[in-house]
Amino acid sequence: MTHTTASEPIPVTVVSGPLGAGKTTLLNRLLASPGGREIAVIVNDMGEMNVDAELLARSDDADDPGIVDLSNGCICCRLQDDLLTEAARLAETRCFDVLVVESSGISEPVPVARTFLEGSDESDIDPTDHYRLDTMVSVIDAYGFWKEFDAGASLPAGADSDMDRPLADVLMEGIEFCDVLLLNKCDMVPDERLDEIEATLGTLQSRAEIVRTIRSDVDPELVLDTDRFDFAAVTRSAGWKQALAGDGHDHDQPAAAAHGVSSFIYTAERPFHPGRLDEWLDSWTESVVRAKGVFRLAGRDDVMGLNRAGPSVQAGPIGKWGDDDDRRTRLVFIGSGMDEEGIVTALDDCLLGDDESENRAFDDPFPTN
């Protein structure tokens with residue numbers, strides 16, 4: 001068995017996904033069958049830790065297994081300093097080949113990735129002295145995929161109070177920011193439904209390798225020491241960003257088209273009427289899985305942002321228009337069986353009409369800065 005030498009950075013695999021998706025099952029499988037590697041683990045979970053510590057790498061002179069439990073908060077925000085401290089301690093006191101970080105079901109993957117790339121403002125530890133971020137893995141429960149985007153879903157008890165984002169939005173970020181996406185619990189879903197879910201996931205994130213699994217059973221070579229991670233590439237590869245960079249229609253995914261999964265961009269020069277748009281946002285179709293972009297709102301000089309993950313919708317100011325900015329509304333819609341014509345018509349009806357002045361006072365229900 002070979003080990004990473006002191007001169008070589010240790011590859012890091014970060015495992016994200018909602019509670020109950022199968023992250024810990026994946027971790028135990030990797031510990032039982034690591035492909036000739038020894039693994040150390042950092043676990044950040046809101047629930048009870050049930051990682052099989054007997055399977056973890058042990059140093060010759062240490063009694064404790066190579067596992068760190070960071071459960072009093074979230075490693076994407078409150079516990080970044082603890083994450084760096086414990087990761088550095090492991091690298092300095094143990095001999096192992098791969099570090100696997102299991103994030104909680106509420107952790108956002110981008111801040112965790114940045115922590116391993118850049119460190120944090122609260123810590124003087126440089127993670128690149130010991131590690132290289134290697135693979136971002138997201139585990140999705142195929143059976144509960146649509147339920148996980150229920151607008152009524154909320155963060156679990158014990159979550160950080162400063163995390164006010166809807167749970168569905170956090171889950172969507174996990175789908176859009178990953179190198180490998182494990183579609184788990186596939187034995188609980190009919191094949192035709194799996195095909196549709198996979199087509200949707202592929203449209204939301206085209207770069208990731210999607211692997212169907214049962215009980216998180218996956219070849220360790222797909223998720224350990226893969227050298228897949230590229231921050232710029234994974235950031236650009238979200239489906240809504242690709243749509244904005246192109247012409248807004250998905251011409252190159254026949255599998256997606258076969259299952260009615262599509263995307264389009266809505267653009268408009270005129271601003272929206274605040275009241276009519278707010279009413280539409282409360283009633284739009286369930287066929288839209290993802291919507292993202294910026295829009296103009298009458299009576300505001302703010303850049304207004306729209307962010308929908310499933311039926312959970314956020315809309316509000318995200319900045320100010322600059323003198324040279326393209327002030328058009330540009331919204332990307334991704335979904336299954338969408339009525340594009342109906343959505344466009346409904347949005348057109350929300351725009352200011354010829355007889356409505358943008359300079360008048362409006363009853364504006366949207367949040368302010």
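Where pLDDT is low, the predicted coordinates should not be read in detail. For the protein, the mean pLDDT is 81, and 78% of residues reach 70 or more. The structure is a predicted model, in which local features need pLDDT of at least 70 and side-chain atom pairs count only at pLDDT 80 or more, while totals for chains, interfaces and linings use all residues. Residues are numbered from 1 along each chain as its sequence is written, and side-chain values use heavy atoms, with hydrogens and water left out.

The protein contains ten helices and twelve strands (DSSP runs numbered from the N terminus, helices being H or I of at least four residues and strands E of at least two). Of its 369 residues, 52% are buried (buried is under 20% relative accessible area, exposed over 50%, and partly exposed in between, with a 1.4 Å probe and protein chains only). Among contacts with a separation of 6 or more, 77% join residues 24 or more positions apart.

Five strands form an open sheet in the order β8-β12-β9-β10-β11, with antiparallel pairing (two strands pair if DSSP finds at least two bridges between them). Its edge strands, each pairing on one side only, are β8 (261-268) and β11 (312-320). On average, neighbouring strands are turned by 15° against each other, direction ignored (axes are lines fitted to C-alpha atoms, for helices over the stretch in contact, and angles run from 0 to 180 degrees between N-to-C directions). Six bridges link β9 (residues 288-295) to β12 (residues 329-336) in the antiparallel sense; Val 294 has Arg 330 of β12 as its bridge partner. Helix α10 (residues 340-350) packs on the sheet and touches β8, β9 and β12, its direction making about 20° with that of β8.

Thr 267 belongs to strand β8. Because its relative accessible area is 38%, Thr 267 is partly exposed. Not counting residues up to four places away in sequence, Thr 267 touches Arg 328, Thr 329 and Arg 330. The C-alpha atoms of Thr 267 and Val 344 are 9.2 Å apart, with the two residues 77 apart in sequence.

The loop between β7 (209-212) and α6 (231-236) includes Thr 226, which counts as buried because its relative accessibility is 18%. A polar atom of the Thr 226 side chain lies 3.2 Å from the backbone nitrogen of Arg 228. Leaving aside neighbours within four places in sequence, Thr 226 contacts Asp 134, Thr 135 and Glu 221.

Most residues other than glycine have a negative phi. In the loop between β7 and α6, Arg 215 has a positive phi near 55°, and Asp 225 a positive phi near 50°. Arg 215 is exposed because its relative accessibility is 54%, whereas Asp 225, at 38%, is partly exposed.

Definitions and conventions
Polar contact = N/O pair within 3.5 Å; in protein donor to acceptor, adjacent residues only side chain to side chain. Contact = heavy atoms within 4.5 Å. pLDDT = per-residue confidence, 0-100.
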